[in-house]
Amino acid sequence: MTSDRTHRTDEPEPTPGLEELQAQERRLVFPRFTHDDAWALGSLLVEMARERQAPVAVDIHRAGQQLFHAALPGSTPDNDAWIARKRRVVERYGSASYLVGARFRAKGTTFEESSRLDPDVYAAHGGSFPITVEGVGVIGAVTVSGLPQLQDHRFVVEALERFLGV
């Protein structure tokens, strides 16, 4: 299985800290989440990806059911495998896949070294974000794969901010 692409620019992209990542999760909460919401959010992600010519796949799951999936030009079957692995991290930990990885890094280790979970099944790489409903908790995940992991994470967060109007 191939790994997420690494980000290469002249200046490194600033990495968000644990506080910022946790604040995103507290802020990006839905009042409810229906099939129609999944379609609208997924469509927004696809529209944003098309505007940026981003070679991503987009997936939304709720309570074990896939409600939305799209694969844009340039994405590959590997992106679907990454989606499944990142989504499983959200389902298991109830937090964004990038935040889970960051928590392990903050302890001086990695998810792969210390989680004791099969890396072919779980990936604590950026791009999957919990769908949290106010008063209910985490009910699903919205996931993007195809960009470097921090960009995948930021892409999902930006879409959720637009969708929720925050």
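## Strands and a covered helix

Val133 stands opposite Gly137 in strand 4. This is a predicted model, where local features need pLDDT of at least 70, side-chain atom pairs count only at pLDDT 80 or more, and totals for chains, interfaces and linings use all residues. Residues are numbered from 1 along each chain as its sequence is written, and side-chain values use heavy atoms, leaving out hydrogens and water.

Helices (H or I, at least four residues) and strands (E, at least two) are DSSP runs, numbered from the N terminus. Two strands pair if DSSP finds at least two bridges between them. Buried means under 20% relative accessible area, exposed over 50%, and partly exposed in between (1.4 Å probe, protein chains only).

Here's how the strands pair up:

| Strands | Direction | Bridges |
|---|---|---|
| Strand 3 and strand 4 (residues 137-145) | antiparallel | 6 bridges |
| Strand 1 and strand 2 (residues 65-71) | antiparallel | 6 bridges |
| Strand 1 and strand 4 | antiparallel | 6 bridges |

Strand 3 has 6 of its 6 residues buried, so the rest of the structure largely encloses it.

Now look at strand 1 (residues 57-62), where 6 of 6 residues are buried. Ala57, Asp59 and His61 point one way, while Val58, Ile60 and Arg62 point the other. Arg62 stands opposite Gln65 in strand 2, and its bridge partner in strand 4 is Gly140.

Helix 4 (residues 97-106) is mostly covered too, with 7 of its 10 residues buried. Among them are Tyr98, Leu99 and Phe104. Just after helix 4, Gly108 takes a positive phi of about 80°.
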